[in-house]
Amino acid sequence: MSSLLVDNIGELVTNVAGTGEGGRLGIRRGAAILVEEGRIAWLGPARYAPAADRRLDAEGAAVLPGFVDSHAHLVFAGDRAAEFAARMAGQPYTGGGIRTTVAATRAASDDVLRATVRRLRTEAMRQGTTTIEIKSGYGLNVTDEARSLRIATEVTEETTFLGAHVVPTEYADRPDDYVGLVCGPMLTAAAPYARWIDVFCERGAFDADHARAILTVGQAAGLGLRLHANQLGPGPGVQLAVELGAASADHCTHLSGADVEALAGSSTVATLLPGAEFSTRSPYPDARRLLDARVTVALATDCNPGSSYTSSMPFCVALAVREMGMTPAEAVWAATAGGARALRRTDVGVLRPGARADLMILDAPSHLHLAYRPGVPLIRQVLHNGVPQCRP
Ligand SMILES: [Zn+2]
């Protein structure tokens, strides 16, 4: 059994509240971490560190839990750069472009889809993302939804069946039939490859009755619940997510007072996706309002070819601080521990003995630099399951 000691850490963000400075960030100084068999075996003052087979010198830099990106759509073919350009020239975003990606995805081979998923997974890892949720949702038929999820399981255990992304063109005039397909044969084919089920509950996608029906049968099939809610306008999504005990309501851009209250009294995380507002030039969600109401907030990328083609959690942290009223500490917590809560995981997003050895070493002395130095590649090294990802 080979052990690895990470030492000479300047600032260590543990996300173990009350064990150091920085409130929920649990910041420790002069600490070291011993990694064995992909887990943190020991964490404490460097002068008491146990002997190890190998050493990784953090060179006085900050060490944080790896990012937990709890919302990404990585299984697709093609891109929509031209749609982005048109939007930046003044055309509004309606979600309709999803159908363009569906056509390209259905036409793509397994190898093409696999290459895209792997490229984006690697890209995210290099930016510190050690856990990533990946949704289907560009197949929208039995074969292609199951295929998308099967390919996603090759790179993550956090897979989400999103057959209810939009109603595909061939069902445009009979949405009830499509919901029947999602709840029946498509769910049966997808469930073996999925941990979660999700619905895009929005005007132009699925209404509350459809979303409730889909989530209810998904839950009965053993899947956890998540929901795309209140992205493009006010709506019933957030209330439905809370009512059904979903792990997360995602987007939360247009919330009523009752929506905020419902989230505050629940175990449902509000996952904010500022890359989507950035890429659609839309108003950002009000993170400050949610945090002040004591709602648990997560940050994620929403990486997808239409409305947010970024895999960068540091970029989302910077946006959340600059545009959404979050402090750097709140944004870093939301992008790590918050994401873990949104996936109901206790072994990631935190650095303590027993947790997965998923962490990043910055090219910076403090977590503040993630927001303070936007657009700069600050991730020097990433450990995933204890294995260095960026260089040996
Ligand atoms: Zn999404």
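**Entry 1: the end of helix 3**

I began just past helix 3, at Gly-128. This residue takes a positive phi of about 100°. I note here that I am working on a predicted model.

Next I checked the helix itself. Helix 3 covers residues 110-126, 17 residues in total. From first C-alpha to last I get 24 Å, close to the 24 Å expected at 1.5 Å a residue.

Which residues of helix 3 are buried? I listed Leu-113, Thr-116, Val-117, Leu-120, Arg-121, Ala-124 and Met-125. Looking down the helix axis, I found these buried residues within an arc of 165°, so they line one face of helix 3.

What covers the buried residues of helix 3? I found that the cover includes two helices, helix 2 (98-107) and helix 4 (142-152). Strand 8 (67-69), strand 9 (129-135) and strand 17 (379-384) are also included.

**Entry 2: Asp-144 in helix 4**

I followed the cover into helix 4 and picked Asp-144, which lies in that helix. Is Asp-144 buried or exposed? I count 23 other C-beta atoms within 10 Å of Asp-144. The cut-off for buried is 20 or more, so Asp-144 is buried.

I then looked up its contacts, leaving aside neighbours within four places in sequence. Asp-144 touches Thr-105, Arg-106 and Gly-139. I also took one distance to a residue further along the chain. Ala-190 is 46 residues from Asp-144 in sequence, yet the C-alpha to C-alpha distance is 9.4 Å.

Strand 16 is residues 359-362, and both of its faces are covered. Leu-359 and Ile-361 are buried on one side. Met-360 and Leu-362 are buried on the other.

Strand 7 pairs with strand 16 in the antiparallel sense, over three bridges. Here Leu-64 stands opposite Met-360.

I traced an open sheet of four strands, in the order 5-4-1-6. The pairing is mixed. Which strands stand at the edges? I find strand 5 (39-45) and strand 6 (54-57) there. Each has a single partner strand, so one side of each is left without a neighbour in the sheet. From one strand to the next, the twist averages 20°.

I looked at one pairing in detail. Strand 1 (residues 3-7) and strand 6 run parallel and are joined by four bridges. The bridge partner of Leu-4 in strand 6 is Arg-54.

**Entry 3: the whole chain**

I finished with totals. The chain holds 13 helices and 18 strands. Of its 392 residues, 55% count as buried. The C-alpha trace spans about 70 × 45 × 45 Å along its principal axes.

Last, I sorted contacts by separation. Among those with a separation of 6 or more, 69% join residues 24 or more positions apart.

Notes:
Residues are numbered from 1 along each chain as its sequence is written. This is a predicted model: local features need pLDDT of at least 70, side-chain atom pairs count only at pLDDT 80 or more; totals for chains, interfaces and linings use all residues. The expected span of a helix is 1.5 Å times one less than its number of residues. A residue is buried if 20 or more other C-beta atoms lie within 10 Å of its own, exposed if 12 or fewer, and partly exposed in between; C-beta atoms are placed from the backbone. The arc is that of the directions from the helix axis to the C-beta atoms. Two residues are in contact if their C-beta atoms, placed from the backbone, lie within 7 Å. Two strands pair if DSSP finds at least two bridges between them. Axes are lines fitted to C-alpha atoms, for helices over the stretch in contact, and angles run from 0 to 180 degrees between N-to-C directions.
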